[in-house]
Structure formats: C-alpha cells, structure tokens
Protein chains: 2
Amino acid sequence: MAIERRSKQREAIIENLQSRYDHPTAMELYLSVREVIPNLSLGTLYRNLSQLEECGMVLRIPDGANDRFDGNVNPHAHFKCSDCGKVYDLMSFKNDTVTFSDEIVGYVTNYSLMAFGMCKNCNKSN
Amino acid sequence: MAIERRSKQREAIIENLQSRYDHPTAMELYLSVREVIPNLSLGTLYRNLSQLEECGMVLRIPDGANDRFDGNVNPHAHFKCSDCGKVYDLMSFKNDTVTFSDEIVGYVTNYSLMAFGMCKNCNKSN
DNA sequence: TATAATAACAGTAATCATTACTGATAAGGA
DNA sequence: TCCTTATCAGTAATGATTACTGTTATTATA
C-alpha cells in the first residue's frame with residue numbers, strides 16, 4: 001500500500017536514517033528511534049521501512065537475514081568487514097584496496113554483485 | 001570445523017551443485033539431492049553447505065533470508081528477476097542491457113554491490 | 001471547527017529459514 | 001578388526017520478519 005498520511009513515527013524513522021552514516025539493521029534503528037518515540041513498535045518500524053523503500057526514500061542493503069538500511073538512496077557500493085561486521089560506504093577500487101573519501105577502509109577478499117530487473121521471459125509475458 | 005572425512009552425503013551435494021546452472025536455494029537443493037539420498041537431513045545439507053563454502057568449493061549468493069548456492073566458485077555477478085525471482089549468471093553490462101553469452105537475459109533497474117574483506121581497524125588489531 | 005472514514009499505530013502471535021542439540025552411524029588410522 | 005570421533009538423521013530452538021487485532025490519529029469534507 002502506498003503512503004497516504006503522515007505520521008510522526010515514519011518521520012522519526014526517516015529523519016534518524018538520514019542523519020547517520022552507518023548502515024543500521026532494523027533492530028539498531030529500532031533502538032535508536034525508540035529514544036525519541038519510546039513506545040515505537042517493531043512491527044511499525046518494519047512496515048514503514050518497506051513502504052519507504054518502495055517509494056524510493058530508503059535503500060535496503062541486502063545482508064543475509066539481517067538487512068541494513070541507508071538514507072542515501074543513490075545506488076552505491078558497500079564494504080562489509082568479515083571480522084567486525086561493520087558496513088562502510090565504498091567509493092572506489094584500486095587494486096585490492098578500497099578507498100572512501102581520502103581514507104583506506106579495508107582490503108577486499110571477495111565480493112557479491114547482484115543486479116535486479118526483469119528477465120526476458122517476464123518482459124515478454126507482461 | 002574443517003572437512004576431515006569423506007561422506008556420500010557431501011559428495012552428492014557437491015556433485016548435484018556442479019551439474020546444474022541455476023542457483024538453487026537450500027530447499028531446492030535439498031529436494032534434488034533427496035532423489036539420490038532419500039533420507040538426507042536438512043541439517044546435514046546446511047552444515048555441509050557452510051563447510052563447502054568455507055573451504056572454497058561452493059559459492060554462497062546472498063539473497064535475502066533465502067541464500068542461493070553456486071558450484072561455480074569464480075566470483076561472478078548475478079542477475080535476479082524481480083518478477084519471477086530466477087537468478088541468472090550475469091556476464092556483462094551494456095547500457096541497461098545484461099548480456100549472458102550471446103543472449104540478452106534482462107534489463108537492469110537496480111543493483112547491489114557488496115565487497116567483503118577486513119577493515120583497517122580489524123586489520124590493525126589482528 | 002466538528003465529524004467520519006480509514007491509514008497507521010502498539011502489541012502480540014505466527015511464520016519460516018537457519019542453527020543447535022542428541023544419540024546413532026560409519027570413515028579411516030592404528 | 002578395533003577405536004576414535006567426524007558426520008549423520010531427526011528434531012527442538014532461535015531469531016528476524018510478517019500477519020493479525022483492536023485502538024488511535026490524520027485529514028478530507030460538511
């Protein structure tokens with residue numbers, strides 16, 4: 001269902017997400033938004049994240065069973081540390097070195113690139 | 001734990017995976033391998049997939065809560081149809097058109113690139 | 001500004017892929 | 001052949017996400 005009304009819960013969620021540069025999981029975001037709206041429901045958070053993703057205001061970063069969310073909706077690459085699990089924005093490759101702004105954030109050992117769209121078969125039948 | 005002994009279950013799993021070019025989920029693979037080993041346990045499949053991934057014989061393709069598996073361990077890009085959910089190998093981009101071998105498989109509307117490795121902080125402390 | 005329709009909410013139960021556990025089986029070295 | 005223990009089958013537990021139910025609050029209209 002599309003967004004039809006405003007709610008302070010949704011506005012707190014998007015505001016929180018746009019004010020940070022880490023890539024919180026649903027639970028991390030939940031705990032953070034609860035500091036502003038203490039009785040925010042987890043179901044409400046999930047529902048709003050899905051709505052906001054659908055209307056292009058939030059980017060979902062697939063990360064196993066624990067997706068992450070990003071207020072920066074320009075599609076851009078990410079780097080996940082296999083050791084601590086943190087997810088960084090990834091701006092450029094240079095050999096095996098990842099550069100973000102002017103700072104090296106880590107060393108790539110593997111990657112996963114998934115493109116989304118519509119395959120030829122489905123395009124034909126629709 | 002590393003692999004130390006052979007088992008017909010594990011061999012059936014890797015053989016099945018290497019003989020196909022779709023990208024089965026754990027359940028799809030389970031149902032397929034059960035045609036050879038009817039009493040294969042789902043837990044055994046998951047345990048072996050994790051072991052095989054760890055020792056580099058199987059590639060895990062992150063796909064939400066429903067990961068997919070690939071017997072082709074050369075890291076390579078994938079294309080997922082948002083309509084039918086099928087996952088194709090993706091060999092090259094050309095404008096918005098995806099080409100696999102000589103055949104167009106679909107039209108890209110979005111993508112997700114996640115690089116894995118070790119971040120600077122963890123690299124320092126290890 | 002009041003009223004009414006219903007989107008959105010809080011709280012909670014259900015779902016479902018995956019992981020962990022337990023006792024049995026079998027690989028492979030001595 | 002015997003023994004150690006990796007691996008197994010079967011099943012219970014976990015945990016993120018989704019669905020459901022009754023309540024609240026947004027917003028169009030009178």
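How many residues does the contact take from chain A and from chain B? The contact, meaning heavy atoms within 4.5 Å, takes 39 residues from chain A and 39 residues from chain B.

This is a predicted model, in which local features need pLDDT of at least 70 and side-chain atom pairs count only at pLDDT 80 or more, while totals for chains, interfaces and linings use all residues. Residues are numbered from 1 along each chain as its sequence is written, chains are lettered from A and ligands numbered from 1 in the order in which they are written, and side-chain values use heavy atoms, with hydrogens and water left out.

**Stop 1: the interface**

Select chain A and chain B together. They bury about 3700 Å² between them, 58% of it on carbon and sulfur atoms; buried area is the accessible area (1.4 Å probe) that two parts lose on being put together, summed over both. Next, select L113(A), M114(A) and F116(A), which supply 19% of the area that chain A buries against chain B, more than any other three residues. Then colour β3 (78–81), β7 (103–119) and α4 (120–125) of chain A, each of which supplies at least two residues of the side that touches chain B. β7(A) gives the most to that side, with 17 residues. Helices (H or I, at least four residues) and strands (E, at least two) are DSSP runs, numbered from the N terminus.

**Stop 2: helix α3 of chain B**

Select residues 42–54 of chain B. At 1.5 Å times one less than the number of residues, these 13 residues should span 18 Å, and the end C-alpha atoms are 19 Å apart, which agrees. Now show T44(B), L45(B), N48(B), L49(B), Q51(B) and L52(B), the buried residues of α3(B); buried means under 20% relative accessible area, exposed over 50%, and partly exposed in between (1.4 Å probe, protein chains only). Seen down the axis of α3(B), these residues fall within an arc of 165° (from the directions from the helix axis to the C-beta atoms), so they line one face of the helix. They pack against α1 (8–18), α2 (26–33) and β2 (68–70) of chain B. Just after α3(B), G56(B) takes a positive phi of about 80°.

**Stop 3: S92(B)**

Finally, select S92(B), in strand β5 (residues 92–94) of chain B. S92(B) is partly exposed, with a relative accessible area of 31%. Leaving aside its neighbours within four places in sequence, S92(B) is in contact with T97(B), V98(B) and T99(B).
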